[in-house]
Amino acid sequence: MIQSRGRLPKCPVEVTLYAVGTRWKILILRDLMDGKKRFGELQRSIGGISQKVLTQQLRAMEEDGLVERTVHPVIPPHVEYSLTETGRSLKPILDAMWAWGEEYREKHPEKI
């Protein structure tokens, strides 16, 4: 949850870390930048994340206004996740992380 005891931290960097501070949230954001995804698609794409943890992370991100959950009334239920406008506004941060990661990999090929 972004809010800590009902109030946002004073430091903007800390607010951002609350929003995207876990490895899983970053990877969920990465995958949803391309558009809507079903739960199973996210789980396969992220790899290594349990169903329980993915559910927890998606719920927290939905509560924080980063992710929307759409349930289509069919049998079996069809649920899709997508980014809200606030979630999409994190794209420059993810782009910067991508660029930094690429540069780091180039400078440290022995770690690949």
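Predicted model: local features only at pLDDT ≥ 70, side-chain atom pairs only at ≥ 80, totals over all residues.

Me: How many helices and strands does the protein have, and in which order do the elements run?

Reply: Helices (H or I, at least four residues) and strands (E, at least two) are DSSP runs, numbered from the N terminus. Here there are six helices and three strands, in the order α-α-β-α-α-β-β-α-α from the N terminus on. The C-alpha trace spans about 50 × 35 × 25 Å along its principal axes.

Me: How is burial read, and what share of the residues counts as buried?

Reply: A residue is buried under 20% relative accessible area, exposed over 50% and partly exposed in between (1.4 Å probe, protein chains only). Of the 112 residues of the protein, 30% count as buried. Accessible areas come from the Shrake-Rupley method with a 1.4 Å probe, and for residues only the protein chains shown count as cover. The protein exposes about 8000 Å², of which carbon and sulfur atoms supply 54%.

Me: Which residues touch the most other members of the largest nonpolar core?

Reply: In soluble globular proteins, nonpolar side chains tend to be buried together. A nonpolar core is a set of buried Ala, Val, Leu, Ile, Met, Phe, Trp, Tyr and Cys residues joined through side-chain atoms within 4.5 Å. The largest one has 22 residues, and L54, L58, V67 and Y81 touch the most other members. Two or more residues each come from α1 (12–20), α2 (23–32), α3 (39–46), α4 (51–63) and β3 (78–83). With six residues, α2 gives the most to this core.

Me: Which residues does V67 touch?

Reply: Contact means heavy atoms within 4.5 Å. Not counting residues up to four places away in sequence, V67 touches L32, L58, M61, E62, Y81, S82, L83 and T84. For the protein, residues 24 or more positions apart account for 43% of the contacts with a separation of 6 or more.

Me: Why is α2 described as largely enclosed?

Reply: Eight of its ten residues are buried, so α2 is largely enclosed by the rest of the structure. The buried residues are W24, K25, I26, L27, I28, L29, D31 and L32. Q57, in helix α4, is buried at 13% relative accessibility. Q57 touches T22, W24, K25 and I28, again not counting residues up to four places away in sequence.

Me: How many salt bridges are there, and where do they lie?

Reply: A salt bridge is a side-chain nitrogen of Lys or Arg within 4 Å of a carboxyl oxygen of Asp or Glu. By this rule there are three. One joins D31 and R30, with the closest N and O atoms 2.8 Å apart; D31 is buried at 7% relative accessible area, whereas R30 is partly exposed at 35%. K91 pairs with D95 at 3.1 Å between the closest N and O atoms. Being four residues apart in helix α6 (residues 91–107), K91 and D95 are separated by about one helical turn. E103 and K107 meet at 3.0 Å, N to O, and both lie in helix α6, four residues apart. E103 is partly exposed at 42%, and K107 is exposed at 56%.

Note on methods:
Residues numbered from 1 in each chain as written. Heavy atoms only, no water.
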